[in-house]
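Me: Here is a model I would like to go through term by term. Please set each label against its definition.

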Amino acid sequence: FAAATLVLFGITGVLFERSFRDGLESSLDPGLRTQADGLSQLLRDPNTVVDLRDESPTGALRTEEAVAQVLDADGRVLQSTEEAGRRPVISRSTARDVRRGRVYANVEVGSEREREPFRVLAEPVPGDDAGRIVVVGESLEETDEAVGRVRDALLAGGAIAVVLGGLGAWLLAGAALRPVERMRRQAAEISEHDATSRLA
């Protein structure tokens, strides 16, 4: 019973954790769309010079720690914020997928020594003849911390459930089998002393 409880709790715990993570990551998507749309509008405006190295550009990206890039149609970096770095934050295959529409991905951004998980949105700039791609990202650190807390709670709760379930099953089984144990003792005494006696 304890083993079955452990398996059941393990499966439901993994499914719940995955669903919880998906929900948290999906909650970032509307903000990413807003940022990407704002950056696309800036790029389409011929009167606006966009420089992602600027710490306070007008529009949707607004902190020095923002992750944003403008890529060409082949996925090469044209512009990038400092946090995003000089390399494309999305792979070439993802850049090819963007030609069919917006793509969400979880990537790691930063130097080789210090990389941070990000949820990114890549989409083509609407009506852009050059086929440029905008990429914006949101850190997943808080999401990972929240999922970690839920995982710890599930592990602690699962351990308690297995112990209590096993103990409860043992007590119930003992109570159910107590009359059988009395009959077993009576049968042993009958076989030793009087073979003609019957069990009560």
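Reply: Contact here means heavy atoms within 4.5 Å. Leaving aside neighbours within four places in sequence, Glu123 is in contact with Ala36, Asp37, Ser40, Val98, Arg102, Arg132, Ile133 and Val134. The model is predicted, so local features need pLDDT of at least 70 and side-chain atom pairs count only at pLDDT 80 or more, while totals for chains, interfaces and linings use all residues. Residues are numbered from 1 along each chain as its sequence is written, and side-chain values use heavy atoms, with hydrogens and water left out.

Me: Why is Glu123 called buried?

Reply: Buried means under 20% relative accessible area, exposed over 50%, and partly exposed in between, with a 1.4 Å probe and protein chains only. Glu123 has a relative accessible area of 5%, so Glu123 is buried.

Me: What makes the pair Glu123 and Arg102 a polar contact?

Reply: A polar contact is a pair of N or O atoms within 3.5 Å; within protein, one must be able to donate a hydrogen and the other to accept it, and residues adjacent in sequence count only if both atoms are side-chain atoms. The side chains of Glu123 and Arg102 are joined at 3.0 Å.

Me: Where does Glu123 sit?

Reply: Glu123 belongs to strand β4. Strands (E, at least two residues) and helices (H or I, at least four) are DSSP runs, numbered from the N terminus.

Me: What makes β3 and β4 a pair?

Reply: Two strands pair if DSSP finds at least two bridges between them. β3 and β4 have 8 bridges and run antiparallel; Tyr104 stands opposite Leu121 in β4. The open sheet has 5 strands in the order β2-β1-β5-β4-β3.

Me: Why are β2 and β3 at the edges?

Reply: β2 (77-80) and β3 (103-110) each have a single partner strand, so one side of each is left without a neighbour in the sheet.

Me: What makes a set of residues a nonpolar core, and which touch the most other members of the largest one?

Reply: A nonpolar core is a set of buried Ala, Val, Leu, Ile, Met, Phe, Trp, Tyr and Cys residues joined through side-chain atoms within 4.5 Å. Of the 16 residues in the largest, Ile90, Val120, Ile133 and Val135 touch the most other members. β3 gives the most to this core, with 4 residues.
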